[in-house]
Amino acid sequence: MKTILNVIWLVLCGFWMFLGYLLAGVLLCITIIGIPFGLAAFRIGVYALWPFGQTVVERRDAGAPSCIGNVLWLILAGWWLALGHVVTGIALCITIIGIPLGLANFKLIPVSLLPLGKEIVPSDQPFVAR
């Protein structure tokens with residue numbers, strides 16, 4: 001079932017959201033200071049490409065630097081990417097078939113706003129990262 005949902009997701013909004021994360025990652029990687037943010041954008045972009053069958057868990061070893069980085073991320077790229085998820089989520093929820101995809105879009109909003117200090121793992125192994 002997750003394969004079918006991932007393919008439908010890819011066609012309807014996953015590819016476009018991936019391109020948004022890719023653009024944000026490239027722009028953030030232009031400076032040396034922005035490289036960690038760019039890598040986070042690439043990581044979340046792959047998650048936005050194939051979200052079904054994966055989940056986000058908190059990293060226990062993330063500390064104050066990830067909190068400060070999340071504030072910078074929110075200002076630089078997080079707000080715009082989260083807005084993209086809100087718009088596509090609402091558009092997908094208009095149809096009954098698109099409701100699971102719209103809910104998946106809403107599930108991606110917290111990680112698009114504050115990605116540092118989180119890890120993406122398979123859904124059947126959510127406690128492996130801890």
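Which elements do the buried residues of α2 pack against? Select α2 (35-49) to start the tour. Its buried residues pack against α1, β1 (54-58), α3, α4, α5 (109-113) and β2 (118-122). This is a predicted model, in which local features need pLDDT of at least 70 and side-chain atom pairs count only at pLDDT 80 or more, while totals for chains, interfaces and linings use all residues. Residues are numbered from 1 along each chain as its sequence is written, and side-chain values use heavy atoms, with hydrogens and water left out.

**Stop 1: helix α2**

Helices (H or I, at least four residues) and strands (E, at least two) are DSSP runs, numbered from the N terminus. Show the side chains of Phe-37, Gly-38, Ala-40, Ala-41, Ile-44, Gly-45, Tyr-47, Ala-48 and Leu-49, the buried residues of α2. Buried means under 20% relative accessible area, exposed over 50%, and partly exposed in between (1.4 Å probe, protein chains only).

**Stop 2: the core**

Next, select Trp-9 and Trp-73, which touch the most other members of the largest nonpolar core, a set of 24 residues. Such a core consists of buried Ala, Val, Leu, Ile, Met, Phe, Trp, Tyr and Cys residues joined through side-chain atoms within 4.5 Å. At least two core residues each come from α1 (2-28), α2 (35-49), α3 (64-92) and α4 (99-107), with α1 giving the largest share, seven residues. Around Trp-73, look for its contacts (heavy atoms within 4.5 Å): leaving out residues up to four places away in sequence, they include Leu-28, Phe-37, Ala-41 and Pro-115.

**Stop 3: two salt bridges**

A search of the whole structure finds two salt bridges, each a side-chain nitrogen of Lys or Arg within 4 Å of a carboxyl oxygen of Asp or Glu. Pick Glu-58 and Lys-118, whose side chains meet at 3.5 Å, N to O. This pair links strand β1 with strand β2, 60 residues apart. Glu-58 is partly exposed at 45% relative accessibility, whereas Lys-118 is buried at 15%.

Then move to Arg-59 and Asp-61, where the closest N and O atoms of the salt bridge are 3.0 Å apart. Arg-59 is partly exposed at 37%, and Asp-61 is exposed at 59%.
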